Amino acid sequence: MATFVLVHGGWHAGWCWERLAPLLSRTGNRVVAPDLPAHGADRTPVSERPWERYVPAIEEIVQAQDEPVVLVGHSSGGMIISEVARMIPERIAALVYLAAFLLPQGGSPREMIGPESGSLLTGALRSDPETGTTSIDPSLARDVFYHDCTDADATRAIARLAPEPAIPPGLGDELEPDPPLSVLRMYIETTEDRALPIAVQRAMVRAMPCDAVYTMPTSHSPFLSQPEQLAEILNDVGARYAP
């Protein structure tokens with residue numbers, strides 16, 4: 001048994017784990033799947049620079065647990081879990097990067113998924129300068145995130161995607177995104193990913209070697225398309241590395 005803290009990625013919220021969380025709980029694990037500030041049910045306004053609260057919010061949740069946690073980050077959530085591990089490594093049993101950004105010092109998402117990366121994400125991204133948010137074009141969202149999901153799951157997920165605060169370019173470059181080597185880190189790669197292509201994922205793992213790499217033949221959203229297989233992998237991580 002382990003305590004899992006699940007950190008969602010961009011335009012999503014804690015709802016994205018709704019098929020996975022019960023599977024982990026069923027095997028005796030504790031599961032915490034929060035909404036980041038200004039996501040989901042959290043109503044932090046964009047004017048309050050909610051991105052500055054992402055790491056402190058997750059750090060507070062991790063500190064509140066009774067034992068070191070398995071901290072899971074999906075997509076841009078990978079950057080958040082890296083920084084949390086840097087802040088409180090003693091509270092982390094293992095880091096799990098699920099199709100996530102595992103950035104070396106000085107790296108940025110914009111560099112990883114540039115025009116030549118093959119990512120469909122940048123073409124689906126829409127910016128709204130008036131509200132200070134970015135969003136995903138609903139007509140393109142399935143192809144980017146959910147192409148291997150059922151029609152029902154994809155439709156439900158697309159309807160729940162929401163605009164999120166746009167982090168100004170260059171802001172956050174002062175962070176040190178590579179987690180300390182003292183913290184175990186695992187990577188779950190998704191070979192059919194159209195948002196964060198597998199070549200990009202593997203390049204990051206080569207630059208930042210992990211203690212274990214698991215492979216899923218899925219889109220960017222295995223928590224919806226293959227939750228049972230994902231639960232098996234996370235249960236294995238919990239059994240091996242959690243207290």
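This is a predicted model: local features need pLDDT of at least 70, side-chain atom pairs count only at pLDDT 80 or more; totals for chains, interfaces and linings use all residues.
β4 belongs to an open sheet of 6 strands, whose order is β2-β1-β3-β4-β8-β9 and whose pairing is parallel. The edges of the sheet are taken by β2 (30-32) and β9 (212-216); each has a single partner strand, so one side of each is left without a neighbour in the sheet. On average, and with direction ignored, neighbouring strands of this sheet are turned by 20° against each other.

On one flank, β4 (residues 92-98) pairs with β8 (residues 185-190) in the parallel sense, over 4 bridges. Here Y97 stands opposite Y187 of β8. β4 also pairs with β3, again in the parallel sense, over 6 bridges. In that pairing, V70 has A94 of β4 opposite it.

A helix covers part of this arrangement: α10 (residues 227-241) lies across β1 (3-7), β3 (69-74), β4, β8 and β9. Relative to β9, α10 runs at about 165°.

| Strand pair | Sense | Bridges |
|---|---|---|
| β3 and β4 | parallel | 6 bridges |
| β4 and β8 | parallel | 4 bridges |
| β5 and β6 | antiparallel | 4 bridges |

### F4 in strand β1

F4 is found in strand β1. With a relative accessibility of 0%, F4 counts as buried, because the cut-off for that class is under 20%. The C-alpha atoms of F4 and V70 are 4.8 Å apart in space, although the two residues are 66 residues apart in sequence. V70 is also among the contacts of F4 once neighbours within four places in sequence are left aside.

### Two alanines with positive phi

A38 has a phi near 70°, a positive value in a residue other than glycine. The place of A38 is in the loop between β2 and α2 (54-63). At 16% relative accessibility, A38 counts as buried.

A99 is not a glycine either, yet its phi is positive, at about 45°. A99 lies in the loop between β4 and α4 (109-112). Its relative accessibility is 0%, so A99 counts as buried.

### The second largest pocket

The second largest pocket has a volume of about 170 Å³. It is lined by 17 residues, of which A38, H39, G40, A162 and P163 are the closest to its centre. By class, the lining of this pocket has 8 nonpolar, 5 polar and 4 charged residues. A38 therefore counts as buried at 16% relative accessibility and is also one of the lining residues closest to the centre of this pocket.

### The β5-β6 hairpin

Strands β5 (residues 125-128) and β6 (residues 133-136) run antiparallel and are joined by 4 bridges. Within this pair, S127 has T134 of β6 as its bridge partner. The two strands form a hairpin with 4 residues between them. In the turn, G132 has a positive phi of about 70°.

Conventions:
Residues are numbered from 1 along each chain as its sequence is written. Side-chain values use heavy atoms; hydrogens and water are left out. On a 1 Å grid over the protein atoms alone, a cavity is a set of points where a 1.4 Å probe fits but cannot get out, and a pocket is an open set with protein on both sides within 12 Å along at least five of seven lines; lining residues have an atom within 4 Å of a point. Grid points are joined across faces, edges and corners, and a volume is the space filled by probe spheres set on the points. Ala, Val, Leu, Ile, Met, Phe, Trp, Tyr, Cys and Pro count as nonpolar, Asp, Glu, Lys and Arg as charged, and the others, Gly among them, as polar. Two strands pair if DSSP finds at least two bridges between them. Axes are lines fitted to C-alpha atoms, for helices over the stretch in contact, and angles run from 0 to 180 degrees between N-to-C directions. Contact means heavy atoms within 4.5 Å. Buried means under 20% relative accessible area, exposed over 50%, partly exposed in between (1.4 Å probe, protein chains only).
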